[in-house]
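Let's take a look around this chain together.

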Amino acid sequence: MDIDTLIDAVIAREGDYSDHPADRGGATRWGITEAVARARGYDGEMRALPRSVAAAIYRADYWQAPGFDRVADRAPALARELFDSGVNLGPVVATGFLQRALNALNRGAGDYPDIAADGRIGTRTLAALDAFLARRGRAGEVVLVKAIEALQGERYLAITERRPANEAFLYGWLVNRIG
């Protein structure tokens with residue numbers, strides 16, 4: 001799993017500077033919001049946020065911190081999906097999708113125990129993932145990716161229904177983030 005390639009793809013998809021009036025995230029560059037950039041110590045103009053700073057934030061906050069790098073050792077396609085979902089919806093949400101899917105796919109806790117859908121990848125989530133993959137193999141990884149994409153698509157629809165201004169983004173979210 002080459003995280004640099006994933007970061008390059010996210011940055012290409014997110015684009016350069018944006019400050020769309022309907023976007024609650026406000027000013028962004030390379031997909032990094034001003035709030036995130038400031039929290040990570042960047043104090044310059046958002047239009048000038050260096051690509052290298054954005055890449056470092058993606059690596060630290062959206063790959064390593066949530067544990068998607070540990071998922072990549074087991075299931076690279078799943079880790080790719082978690083990273084992309086985490087960039088757009090937050091790593092806690094993406095991890096929660098994984099945990100919910102693992103619980104729903106464990107056949108009544110017959111394959112492995114249910115895990116807390118707490119949005120954190122720890123030993124229990126990794127053990128459940130390992131057990132699922134041991135039982136289902138690579139085909140299981142494909143199913144998990146589909147489940148996460150289904151949950152992600154539903155989340156985008158719900159966000160848009162709650163806040164109609166997000167209709168400006170729904171089509172792009174579905175085109176660029178699902179499938």
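A contact here means heavy atoms within 4.5 Å. Residues 24 or more positions apart make up 54% of the chain's contacts with a separation of 6 or more. Keep in mind that this is a predicted model, where local features need pLDDT of at least 70, side-chain atom pairs count only at pLDDT 80 or more, and totals for chains, interfaces and linings use all residues. Residues are numbered from 1 along each chain as its sequence is written, and side-chain values use heavy atoms, with hydrogens and water left out.

The chain has 8 helices and 3 strands (DSSP runs numbered from the N terminus: H or I of at least four residues for helices, E of at least two for strands). From the N terminus on, they run α-β-β-β-α-α-α-α-α-α-α.

| Property of the chain | Value |
|---|---|
| Span of the C-alpha trace along its principal axes | about 55 × 35 × 25 Å |
| Share of the 179 residues that are buried | 45% |

Buried means under 20% relative accessible area, exposed over 50%, and partly exposed in between, with a 1.4 Å probe and protein chains only.

Now for helix α1. In α1, I3, L6, I7, V10 and I11 are buried. Seen down the axis, these buried residues fall within an arc of 130 degrees, so they line one face of α1 (the arc is taken from the directions from the helix axis to the C-beta atoms). Their cover includes α3 (51–64) and α5 (76–89). After α1 comes G15, with a positive phi near 85 degrees.
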